Amino acid sequence: MNNSLPDQALQQVDSINAVLMQIVSFKHIIPTGFRWIALLFLVVFFTLLINLILKYFITKGLARLAKRSNTIFDDTVIEVMHKPVRAFTLFSGFLWALQVMAQYNHHNWDNHLLNLWRLSITVCFGWFLLRLIKAVEANILTKPSRKGKPKPDSATVMAVARLLRLSIIITLVLVTLQDFGFSISGVLAFGGIGGIAIGFAARDLLANFFGGFMIFIDKPFHVGDWISSPDRQIEGTVEYIGWRMTRIRTFDLRPLYIPNSIFMNIAVENPSRMLNRRINENLGLRYEDLDKMPAIVADIKQMITNHPAIDNRRTIIVAFDKYNDYSLNIMLYCFTKTVVWVEFYEKKQQIMMEIKDIVHKHGADFAFPTQELIISQASEMPADPLTSGQKKPALAEIGPEPSL
């Protein structure tokens, strides 16, 4: 920052103080011992008056001019600038009042007040930039996409905004240290040595940071995508991608927090980017319907090929597959045009019901697990007197009962 600028500002303040002192000393209306209080009152009054004028000028005058343009960037700048500008005005008035009190009490606070004034400029300007980045980020994320143009990726927008905010904060800290007399080269050298020590102490934190950075660069998934991992029990909808962790909402509506370093070592499946959904079914017919199999397969294949919900550009297989234990299997393999989960099952149900109608039209039916028991009876077997109708011999015909 230019060192002559604060000195010039201080000279201007002294000139204004001299003018105000002449006003309060006019015709000795105010006693000498109370003139500094009157001067202090004027400083506060002019500070509040300037603050009110700036508020009206920014919110009314500049805002009306910005609405005439076709872009929203100027509206955003005016919207985010009024708070930092008014805060700088009030803080400058506060420092001005302190300078009046210091002069009356014969204290030299000029250097301290100038340092505070420089700090207020840095803080208010940084506050303005941070608010501007946040507002632009919100405008990009909420702005509807134009026809024919893809909507900006929300994860990328948030990542760039975070990097900009972090860069601004680091720059403001370095500028502030420089204004207060610290050596920037020494701070950077200390940061390099300290960074090595912090790197060893926070390896997991850095791994998560670089994991999040790789997610933003490679973009394996975005916010709103349904992802799963065959390596871990991870499946759900991505709600938030941060620098340290990613939040996923599982299908039972439970939040799942995953460190970003995990995604660097596992396979991630993104079903949200599928082009079609697959139907892969085995249809079992009865063995007595073997002769009707070719006609049934041909009708089913024709129906699948001409069905409006099936993508004809993909592989379609309808064929007699194999002889099962209790059924004759027909393989059905095709892809639907829709990728929406609920709509997919609605279309699949419609197709399965049409297959049922085709099977019944040919007089066939679906098989279910059955067992056939064959009992073989010999042609010559000794007749049982109890079942053959012969008379059972009486006890007397058998013989006398032996005596004991």
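# Notes on a predicted protein chain

Leaving aside residues up to four places away in sequence, Asp311 touches Asn276, Ile316, Phe335, Thr336 and Lys337. Touching, or contact, means heavy atoms within 4.5 Å. That is my starting point, and I will come back to it.

Some ground rules. This is a predicted model, in which local features need pLDDT of at least 70 and side-chain atom pairs count only at pLDDT 80 or more, while totals for chains, interfaces and linings use all residues. Residues are numbered from 1 along each chain as its sequence is written, and side-chain values use heavy atoms, with hydrogens and water left out.

The whole chain comes next. The protein chain has 10 helices and 7 strands. Both are DSSP runs numbered from the N terminus: helices are H or I with at least four residues, strands are E with at least two. Of the 404 residues in the protein chain, 30% are buried. Buried means under 20% relative accessible area, exposed means over 50%, and partly exposed is in between, using a 1.4 Å probe and protein chains only. The chain exposes about 27,500 Å², and carbon and sulfur atoms supply 62% of that. Accessible areas come from the Shrake-Rupley method with a 1.4 Å probe; for residues, only the protein chains shown count as cover. Take the contacts in the chain between residues at least 6 apart in sequence: 65% of them join residues at least 24 apart.

Back to Asp311. Where does Asp311 lie? Asp311 is in the loop between helix 8 (293-306) and strand 6 (317-323). Asp311 has a relative accessible area of 4%, so it is buried. Its side chain makes a polar contact with the side chain of Asn276, at 3.0 Å. A polar contact is a pair of N or O atoms within 3.5 Å; within protein, one must be able to donate a hydrogen and the other to accept it, and residues adjacent in sequence count only if both atoms are side-chain atoms.

Strand 6 belongs to a sheet. This is an open sheet of 3 strands, in the order 5-7-6, with antiparallel pairing. The edge strands are strand 5 and strand 6, each of which pairs on one side only. On average, neighbouring strands of this sheet are turned by 20° against each other, direction ignored. Two strands pair if DSSP finds at least two bridges between them. Strand 5 and strand 7 (residues 328-336) are joined in the antiparallel sense over 9 bridges. One of the bridge partners in strand 7 is Tyr333, which goes with Asn280.

Which helices lie across this sheet? Helix 8 lies across strand 5, strand 6 and strand 7, at about 150° to strand 6. Helix 9 (residues 341-361) lies across strand 5 and strand 7, at about 25° to strand 5. For these angles, axes are lines fitted to C-alpha atoms, for helices over the stretch in contact, and angles run from 0 to 180 degrees between N-to-C directions.

Leu283 is in strand 5 (residues 277-285). With 8% relative accessibility, Leu283 counts as buried. Not counting residues up to four places away in sequence, Leu283 touches Ile300, Leu328, Asn329, Ile330, Met352 and Ile355. Leu283 and Ile355 are 72 residues apart in sequence, with their C-alpha atoms 9.4 Å apart in space.

Strand 2 (residues 234-241) and strand 3 run antiparallel, joined by 4 bridges, and form a hairpin with 3 residues between them. Ile241 stands opposite Thr246 in strand 3. Strand 3 and strand 4 (residues 255-259) also run antiparallel, joined by 5 bridges. They form a hairpin with 5 residues between them, and Leu253 in the turn has a positive phi of about 65°. In a regular strand the side chains alternate between the two faces of the sheet. Strand 3 (residues 245-249) has Thr246 and Ile248 on its covered face, and Met245, Arg247 and Arg249 on its uncovered one.

Last, a few single residues. Ser167 is in helix 5 (residues 154-179) and is partly exposed at 41% relative accessible area. Its side chain reaches the backbone oxygen of Leu163 at 2.8 Å. Cys124, at 12% relative accessibility, is buried, and Cys334, at 0%, is buried. How many disulfides are in the whole structure? A search finds 0, a disulfide being a pair of cysteine sulfur atoms within 2.5 Å.
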